[in-house]
Amino acid sequence: MKTQQATLTVNSSKQNSNLFSRWNETSWIRSKPMREDSIIGLPFSPNLVPLASHQAIAQDNQLWMTVLAYRLLAHLQFTTLLELNHVNPICSALAQGKAPVYLNLRQRNDALKIYCDEGGHALFVELFSTQVKQTFFLENSVLGLPIFEKVIENIIAENQTQLSSDLIKLFFVTISETLVTKVLKQVPHDPKVATVVKNVIGDHAADEALHGAYFNELFPILWNGISPLEKQEMVKVLPRLVWAFLGPDYDVEYNVLKALGFSEIDAKGILQEVYIPNEIASNVKQAANPTLRMFEKAGVFEVHGAFQIFADYQLIS
Ligand SMILES: [Fe+2]
Ligand SMILES: [Fe+2]
């Protein structure tokens, strides 16, 4: 992973050296058990599943429960793919000093701790997925690839001559690690949701708070380490990475509706009724707010045309 500019040294004085000082006591992999209880209660928060509110689903209790369970399974599958295919390859590079910025030993070892955390997340999520599938009679193959995988592939293909794929992946991980989804924020505190689900997602959320702080510190250093030309191109990619992570995944939901017996026309109609474009944009903008502030602090909006590009994606107004 090399950019056109010379590598930069992370200013240690600005880094919070205590981020991982209690990692042994607080991280799941070092201190918490595998969550193995039965699923008693709802598999997911209904208010985070727009599909579940549609009349065609809500009127049939079994269908409603299956839709909630598929939303949980999609979240678990999303997590495994994100950790194994994206976050950990980047943490491995950071830990080995292969990033386009210089990291000191503590910073590299912190990346290695995140690598261990993410491996743990993939493990407990995969083991729990098996239980979810058995409990609700679900098929993994119904879901298909999450949208973020397809968006990143497209961005890499479209930018082959302007940006290296390593750099795009590094920025995607840095951004996704600073974005906290509503799922991680709300599900662990929803009294209607099964305790084991709340614990699994809560364990993950607790670790991610620390990862967010680490990557929040890393972002300005990465941004200042790329060339003006790379900044000009990357600024067009950043809003798409935010949407890939926070926006709804219509394909996965369509696949679920088809698997539940809805026709192509009905499935598309239901999705159109439950997803209102302005509401979606406002939710994404709200969830992206801390990351947008991080962009602003790092100087992203100083790039010519950046403000308009983000406005076009409805992330600022
Ligand atoms: Fe994670
Ligand atoms: Fe993480």
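Guide: Buried residues account for 39% of the 317 residues in the chain; "buried" needs 20 or more other C-beta atoms, placed from the backbone, within 10 Å of a residue's own, while 12 or fewer make it exposed and anything in between partly exposed. This is a predicted model, in which local features need pLDDT of at least 70 and side-chain atom pairs pLDDT 80 or more, whereas totals for chains, interfaces and linings use all residues. Residues are numbered from 1 along each chain as its sequence is written, with chains lettered from A and ligands numbered from 1 in the order in which they are written.

The chain has 14 helices and 2 strands (DSSP runs numbered from the N terminus: H or I of at least four residues for helices, E of at least two for strands). Its C-alpha trace spans about 60 × 45 × 30 Å along the principal axes. Of the contacts between residues at least 6 apart in sequence, 80% link residues at least 24 apart; a contact here has C-beta atoms, placed from the backbone, within 7 Å.

The largest nonpolar core has 84 residues, and Leu73, Leu238, Leu241 and Val242 touch the most other members. (Such a core is a set of buried Ala, Val, Leu, Ile, Met, Phe, Trp, Tyr and Cys residues joined through C-beta atoms within 7 Å.) Helix H4 gives the most to this core, with 15 residues. In soluble globular proteins, nonpolar side chains tend to be buried together. If you zoom in on Leu238, you will find it touching Ile175, Phe295 and Val300, leaving out residues up to four places away in sequence.

On the H4 side, Leu82, His86, Val87 and Ile90 meet Lys169, Leu170, Phe172, Val173, Ser176 and Glu177 of H7.

Leu257 sits in helix H11, residues 250–259, and counts as buried because it has 23 C-beta neighbours inside 10 Å. Beyond four places in sequence, Leu257 touches Phe262, Ala267 and Ile270; the C-alpha atoms of Leu257 and Ile270, 13 residues apart along the chain, are 8.9 Å apart. Leu292, in helix H13 (residues 277–298), is partly exposed, with 18 other C-beta atoms within 10 Å. Leaving aside neighbours within four places, Leu292 contacts Leu315 and Ile316, and its C-alpha atom is 9.5 Å from that of Phe310, 18 residues away along the chain.

For contrast, finish with Phe137, in the loop between helix H5 (105–136) and helix H6 (147–158). Phe137 has 8 C-beta neighbours inside 10 Å, so it counts as exposed. Its phi is near 55°, a positive value in a residue other than glycine.

Key
Contact = placed C-beta atoms within 7 Å.
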